[in-house]
Amino acid sequence: MDAGDIRRLATLEDRHWWFGERRAILARWLRQLRRCGTAPGTALDIGAAAGGNTRVLRAAGWRPIALEYSADGAAIARERGLTVIRGDATNLPCGSRTLDLVAAFDVLEHIEDDYLAAAEIRRVLRPGGILLVTVPADMRLWSAHDVGSHHFRRYDRASLHRVVSKAGLHVEQLWNWNVLLRPVVAMTRKRASGNELTMMPRPVNAALRSVVVAERYLPVRRAPGVSLMLLARRS
């Protein structure tokens, strides 16, 4: 993600339907972990950009560190009062077995050798530590948006499971997200000329948010979606 995209993300992420529901999913994940006995500890948010997910971790009681490769993203996250370090996901500036949770939301697709990043995540996680991942799904949706976003790939369930498990992490949950809006996304991506990161009129934004929120209550997690979500644990 280039500097201009990060600046746009910083402006959009508090209001855009996609970022809003993704933060809500992270918050539900964290509540689920707590109900299952995982107390908040030290967390690393890889590819934090403007720090929206880092703030969710902090609000849930975790001690989050925002990891950002770009100077612009790190500066914005610091402006928002977050603890930030700059670094590369394939060479994390963290000690081995020092973290309780790592979040990598829409990160792996930007890394040519995604296995190296997954292996680094395993290295820094304590035994029992949690990895939370989201990635774009399905190469059939590949478009100029992916090129403009500097993606190397989109994933299917098997390829995402493979890269995480190969690194030595145990996959506990893996499902599709943004299923109901997939036909709309597929149609609009055909016309895309680059990264589609943009704000839309408020009624449209609210309508799209309501559609994706409906997925919380519908049995659609195995149907083809626009994104994949994964929870894994280090044994």
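Both W18 and W177 are buried (under 20% relative accessible area, with a 1.4 Å probe and protein chains only). This is a predicted model, where local features need pLDDT of at least 70, side-chain atom pairs count only at pLDDT 80 or more, and totals for chains, interfaces and linings use all residues. Residues are numbered from 1 along each chain as its sequence is written, and side-chain values use heavy atoms, leaving out hydrogens and water.

**Exercise 1.** Work out which kind of aromatic pair W18 and F19 form.

*Solution.* Start with the whole structure: a search finds four aromatic pairs (rings of Phe, Tyr and Trp, the latter by its six-membered ring, with centres within 6.5 Å). W18 and F19 sit 5.0 Å centre to centre with 85° between the planes, which makes them edge-to-face (planes over 60 degrees apart). Next, check the cover: W18 has a relative accessible area of 18%, so it's buried. F19 is buried too, at 6%.

**Exercise 2.** Find out how the W18 and W177 rings are arranged, and which parts they tie together.

*Solution.* Now place the residues: W18 lies in helix α2 (residues 17-35) and W177 in strand β6 (residues 169-177), so the pair ties together parts 159 residues apart in sequence. Helices (H or I, at least four residues) and strands (E, at least two) are DSSP runs, numbered from the N terminus.

Note on methods: Phe/Tyr/Trp six-rings, centres within 6.5 Å; stacked < 30°, edge-to-face > 60°. Buried < 20%, exposed > 50% of the residue type's maximum accessible area, 1.4 Å probe, protein only.
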